Amino acid sequence: VVSTQSTGKTGKTLLTVDVIKTDSILDVKKKHIKEKSYLYPSRICYKLSLKDKALSDDVKIGDLETLTDGSVFYFKDLGPQIGWATVFIAEYSGPIFAYLIFYLCNNCSWIYPDNEGAPHTTVQNLACACYVGHYVKRILETIFIHRFSKATMPIGNLSTHLAFKNMRPPGTKTRVIPKPNGNPFCALFNLVSCPNYTYEVVSWIGFTVLTQTFFSGLFALVGGGQMLQWALGKHRNYKKEFENYPKNRKAMIPFIL
């Protein structure tokens, strides 16, 4: 028998449930949900003590050595959650609609007062196809490719995302060292930890060269800086997690950084 206790100031016992050694934390959450129907697994956080990390859903009761009959789980309601897939689809849909509004309304005097009905140029048509195609690809990747470790919140780029997908078995949170898989676009894994960011930045630099606009260049610069920070963080985590991580591999920029 274990009981769940609030992590708030009151620290009161919320409910008591019967468990067996083969039960997982997810099983305990399901029993909790039967008593509190407004909850769902990703909203529930259990800890063995207030200072401990949250217990993962796949942890078995029998693996918790300090747990005995009558032990307490400290419970925290994480609040309403939203799926990461939903977040990314909304995030990627916004730029598509925003771009198309300005592209399709090229004859609207309230947007382009000096345009006088001029048709789109070849560069404008190509830029629109590249821009919209890029975010449509991201939406399709979110739906069909990405596997998220947590359920809630260019061609080379696509190839690396497929490689990352194959490195995480379905339904698990297993992590392995990223490495080439035979696809020539994945060969960049030999040089950097995050080739998807490398391809992304190269794509935006190409878009800037195509459009030759200040804001495209600014977007490439700011976006590249942000992706570099993400890549450095992931690179550090890989080196901490895997003792045999390739020493000569950089974060995002081959041979440099």
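**Working chat: burial, salt bridges and aromatic pairs**

Trainee: Quick one. R43, buried or exposed?

Mentor: R43 is buried, at 14% relative accessibility. Buried means under 20% relative accessible area, exposed means over 50%, and partly exposed is in between (1.4 Å probe, protein chains only).

Trainee: Where do these values come from?

Mentor: This is a predicted model; local features need pLDDT of at least 70, side-chain atom pairs count only at pLDDT 80 or more, and totals for chains, interfaces and linings use all residues. Residues are numbered from 1 along each chain as its sequence is written, and side-chain values use heavy atoms, with hydrogens and water left out.

Trainee: Back to R43. Which residue forms a salt bridge with R43?

Mentor: D77. The closest N and O atoms of D77 and R43 are 2.6 Å apart. A salt bridge needs a side-chain nitrogen of Lys or Arg within 4 Å of a carboxyl oxygen of Asp or Glu. The pair joins distant parts of the chain: D77 is in strand β4, R43 is in the loop between α1 and β3, and 34 residues separate them. D77 is partly exposed, with a relative accessible area of 27%.

Trainee: How many salt bridges does the structure hold?

Mentor: Five. Another one joins D23 to K31, with 2.9 Å between the closest N and O atoms. D23 is buried at 10% relative accessibility. K31 is partly exposed at 27%.

Trainee: What about K137, which side chain does it meet?

Mentor: K137 meets E141 in a salt bridge, 3.0 Å from N to O. Both lie in helix α3, four residues apart, about one turn of the helix. An α-helix has 3.6 residues a turn, so residues three or four places apart point the same way. K137 and E141 are both buried.

Trainee: Zoom out. How many helices and strands does the chain have?

Mentor: Six helices and four strands. From the N terminus, the order is β-β-α-β-β-α-α-α-α-α. Helices (H or I, at least four residues) and strands (E, at least two) are DSSP runs, numbered from the N terminus.

Trainee: And how much of the chain counts as buried?

Mentor: 35% of its 257 residues. The chain exposes about 16,000 Å², and carbon and sulfur atoms supply 61% of that. The areas come from the Shrake-Rupley method with a 1.4 Å probe; for residues, only the protein chains shown count as cover.

Trainee: Which residues of the largest nonpolar core touch the most other members?

Mentor: I25, V28, Y46, I61 and F73, out of 15 residues. At least two residues come from each of β2 (13-17), α1 (25-35), β3 (44-47) and β4 (71-77). The largest share is three residues, from α1. There is also a second, separate core of twelve residues; Y103, Y131, V132 and F207 are among them. A nonpolar core here is a set of buried Ala, Val, Leu, Ile, Met, Phe, Trp, Tyr and Cys residues joined through side-chain atoms within 4.5 Å.

Trainee: Now aromatics. Which residues do ring pairs link into a cluster?

Mentor: F88, Y92, Y99, Y131, Y135, W204, F207 and F219. Rings of Phe, Tyr and Trp (its six-membered ring) pair if their centres lie within 6.5 Å; planes under 30 degrees apart count as stacked, over 60 as edge-to-face and the rest as tilted. The structure holds 16 aromatic pairs. One of them is F214 with F215, edge-to-face, at 5.3 Å centre to centre and 75° between the planes.

Trainee: F214, exposed or buried?

Mentor: Exposed, with a relative accessible area of 62%. F215 is exposed as well, at 64%.

Trainee: How far does α5 reach?

Mentor: Helix α5 (residues 195-211) has 17 residues and reaches 24 Å from first C-alpha to last, close to the 24 Å expected at 1.5 Å a residue. The expected span is 1.5 Å times one less than the number of residues. Its buried residues include P195, Y199, W204 and F207. Q212 follows α5 with a positive phi, near 55°.

Trainee: And α2, which residues are buried there?

Mentor: V87, Y92, S93, I96 and Y103. What covers them includes α3. The end C-alpha atoms of α2 are 30 Å apart, in agreement with the 30 Å its 21 residues should span.

Trainee: Last one. Where does N106 lie?

Mentor: In the loop between α2 (84-104) and α3 (122-144). N106 is buried, with a relative accessible area of 11%. Leaving aside neighbours within four places in sequence, N106 is in contact (heavy atoms within 4.5 Å) with Y112, N115, A118, P119 and H120.
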